[in-house]
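Q: I've got this one open in the viewer. Can you walk me through it?

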Amino acid sequence: MTISVHGLAVSRGIAIGRAVIVASSRVDVAHYFVQVDQIEAEIERLRQARNAVAEEITKVQHSLHDLGPNDAHPELTALLDVHLMLLQDEQLTSGVKHWIIDRHYNAEWALTTQLEVIARQFDEMEDPYLRERKADLEQVVERMLRFMRGVASPVAAGAVDARHSGDSAAEAPLVLIAHDLSPADMLQFKQSVFAGFVTDVGGKTSHTAIVARSMDIPAVVGARSASHLIKQDDWVIIDGDAGVVLVDPSPILLAEYGFKQRQGEVERERLSRLRNTPAVTLDGQKIELLANIEQPEDTAAALKAGAVGVGLFRSEFLFMGRSGNLPDEDEQYQAYCRAVEGMQGLPVTIRTVDVGADKPLERGVSRAGEDHLNPALGLRAIRWSLAEPAMFLAQLRAILRAAAHGPVNLLIPMLAHASEIRQTLALVNRTREQLDNSGTPYGRVKLGAMIEVPAAALTIPLFLRHFDFLSIGTNDLIQYTLAIDRADEAVSHLYDPVHPAVLHLLASTIAQCNAQGKGVSVCGEMAGDVSLTRLLLGLGLRSFSMHPSQILAVKQQILRCDTTRLQTWAQSVLAAEDPAALMTD
């Protein structure tokens with residue numbers, strides 16, 4: 001009998017194959033007390049596991065360096081760096097030693113106990129991306145536990161077991177079913193060992209999802225019970241578009257999804273031909289399609305997708321996971337220069353650091369490390385930057401210096417007050433004075449502000465007086481408007497991009513920018529959601545910024561649209577009590 005398991009759709013496509021099940025290492029962790037004379041031996045076992053995992057990750061990094069430019073995935077390199085930093089995290093190592101020395105726990109028990117302590121701290125973080133880094137810590141601990149148990153990488157071991165499980169499995173494609181996957185494990189996909197994967201945990205901004213999208217692998221995450229419901233060697237269909245996993249499908253379903261799979265391959269080939277096609281609507285409106293990037297190396301994917309610039313360079317990725325050892329001006333300058341040069345003359349919009357009170361940035365950073373009752377409303381983004389002017393000035397100098405090498409836009413996040421705007425502009429002017437006084441070359445930048453706080457969206461004229469362009473961060477705007485944490489499963493169903501309040505803030509911002517002749521873009525997830533492309537066009541949006549993998553699909557939608565016809569329809573959606581009901585019209 002066919003059963004269906006529902007999760008989150010994070011990477012498009014259809015995968016059909018035999019299931020390879022990878023169970024969690026923590027299921028059977030031993031719990032026992034050790035004697036005083038055994039404490040040093042337990043600590044040594046822990047140290048050996050940590051060193052072995054670090055060596056394993058380092059080998060993977062070296063293998064990536066040996067790949068050609070078309071095969072080396074910068075996202076994977078960055079994620080491996082995060083795992084190495086987590087392995088060396090003092091809170092992890094000292095905490096585990098505490099449980100061994102003071103409580104006499106065995107190494108495995110101490111490791112999982114400290115994991116739970118740190119995991120609770122991640123759960124309290126405001127930023128969805130940073131909160132989901134808990135999964136990376138869990139993956140690191142999983143690898144250490146596997147080493148202590150003498151178990152190989154789950155992906156490699158699963159592939160070997162599956163290939164020897166029988167003739168039928170050996171001949172069929174394989175799909176991986178796991179509690180979670182680490183970036184290093186996912187390297188197995190490069191050799192096409194697995195056609196797709198399903199995990200019990202994870203979110204749309206988890207590292208697993210990011211790598212899946214970058215490598216274009218059909219995937220469903222957050223399918224909670226998948227690893228328990230699916231048995232080894234079951235036939236499985238992964239619908240990465242709908243976020244559905246079908247187990248033991250009937251012949252009719254296999255034939256249906258086989259046809260969909262072939263259709264998908266044809267569609268991807270068709271989309272790839274649009275790379276050099278200008279994004280122009282049927283009524284002649286030119287649409288700007290930009291890329292969101294996290295690292296300078298991501299510019300290669302942006303160009304490959306046909307992006308006409310970078311609409312959002314998340315500079316905080318240069319700051320995270322460094323235990324307070326923040327990048328200095330020169331390190332940032334080099335990174336921004338690589339991004340500017342990587343875009344080959346196309347504009348790069350660099351957003352100043354958009355983290356603050358969250359743990360990965362806190363350690364060793366003054367004021368940003370203070371406790372906050374509610375991190376969502378605490379010292380983050382521009383608030384932290386203004387509280388640390390030396391750090392902020394160093395970043396501004398690095399960005400302005402990089403602008404000497406190509407077109408750069410400077411984007412300020414989470415502004416809400418006139419006083420914040422005045423302070424920010426004063427620091428930008430001081431930056432120019434410092435560079436002038438030192439004789440350091442720098443370039444002119446366009447200055448922009450993020451609209452992601454309802455207070456900002458309701459005072460757009462203030463922003464238009466001071467900034468050259470605005471960029472709407474829909475992820476935060478939706479969360480702050482609706483008081484919804486989309487990563488909190490208890491209320492995530494209330495996260496609604498087409499809630500009337502959200503749409504009114506969007507429409508008003510876009511209309512006021514257009515009336516003043518100021519540029520406006522959307523750089524949140526709404527920009528890359530093809531189901532919302534028509535609505536955003538109808539509301540007057542002409543600039544979209546998204547993950548490079550989403551650009552061609554959005555471009556296809558744009559090429560089919562007539563904005564003059566969409567305007568009336570968009571206004572009817574805007575006026576509706578239930579806008580979602582009209583979205584299929």
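Predicted model: local features only at pLDDT ≥ 70, side-chain atom pairs only at ≥ 80, totals over all residues.

Q: At what angle do helix H20 and helix H21 pack, and how far apart are their axes?
A: Helix H20 (residues 474-482) and helix H21 (residues 500-516) pack at about 130 degrees, with axes 10 Å apart. Axes are lines fitted to C-alpha atoms, for helices over the stretch in contact, and angles run from 0 to 180 degrees between N-to-C directions. H20 is therefore oblique to H21. Angles under 35 degrees count as roughly parallel, over 145 as roughly antiparallel, 65 to 115 as roughly perpendicular and the rest as oblique.

Q: Which residues make that contact?
A: From H20, Thr-474, Leu-477, Ile-478, Thr-481 and Leu-482; from H21, Ala-501, Val-502, Leu-505 and Leu-506. Contact means heavy atoms within 4.5 Å. The residues of this H20-H21 contact divide into 7 nonpolar, 2 polar and no charged. Ala, Val, Leu, Ile, Met, Phe, Trp, Tyr, Cys and Pro count as nonpolar, Asp, Glu, Lys and Arg as charged, and the others, Gly among them, as polar.

Q: How many helices and strands?
A: The protein has 24 helices and 16 strands. Helices (H or I, at least four residues) and strands (E, at least two) are DSSP runs, numbered from the N terminus. Of the 585 residues, 55% count as buried. Buried means under 20% relative accessible area, exposed over 50%, partly exposed in between (1.4 Å probe, protein chains only).

Q: Back to helix pairs. What about H16 and H17?
A: Helix H16 (residues 389-402) packs with H17 at about 60 degrees, axes 9 Å apart. H16 and H17 are therefore oblique to each other. Their contact residues divide into 7 nonpolar, 3 polar and 4 charged. Those from H16 include Arg-397 and Arg-401, and those from H17 include Arg-430 and Arg-432.

Q: New topic. Where is Glu-294, and is it buried or exposed?
A: Glu-294 is in the loop between strand E9 (288-293) and helix H12 (299-304). Glu-294 is buried, with a relative accessible area of 13%.

Q: What does Glu-294 touch?
A: Leaving aside neighbours within four places in sequence, Glu-294 is in contact with Phe-313, Arg-314 and Phe-317. Its side chain makes a polar contact with the side chain of Arg-314 at 2.4 Å. A polar contact is a pair of N or O atoms within 3.5 Å; within protein, one must be able to donate a hydrogen and the other to accept it, and residues adjacent in sequence count only if both atoms are side-chain atoms.

Q: Which residues of H23 are buried?
A: In helix H23 (residues 551-559), Ile-551, Leu-552, Val-554, Lys-555, Gln-556 and Ile-558 are buried. The buried residues of H23 pack against helix H11 (251-272), E9, helix H22 (533-538) and strand E16 (543-546).

Q: And what is the phi of Ala-381?
A: Ala-381 has a positive phi of about 55 degrees, though it is not a glycine. Most residues other than glycine have a negative phi. Ala-381 is buried, with a relative accessible area of 0%.

Q: What about Met-414?
A: Met-414 also has a positive phi, about 60 degrees. Met-414 lies in the loop between strand E12 (408-412) and helix H17 (418-438).

Terms used: Residues numbered from 1 in each chain as written. Heavy atoms only, no water.
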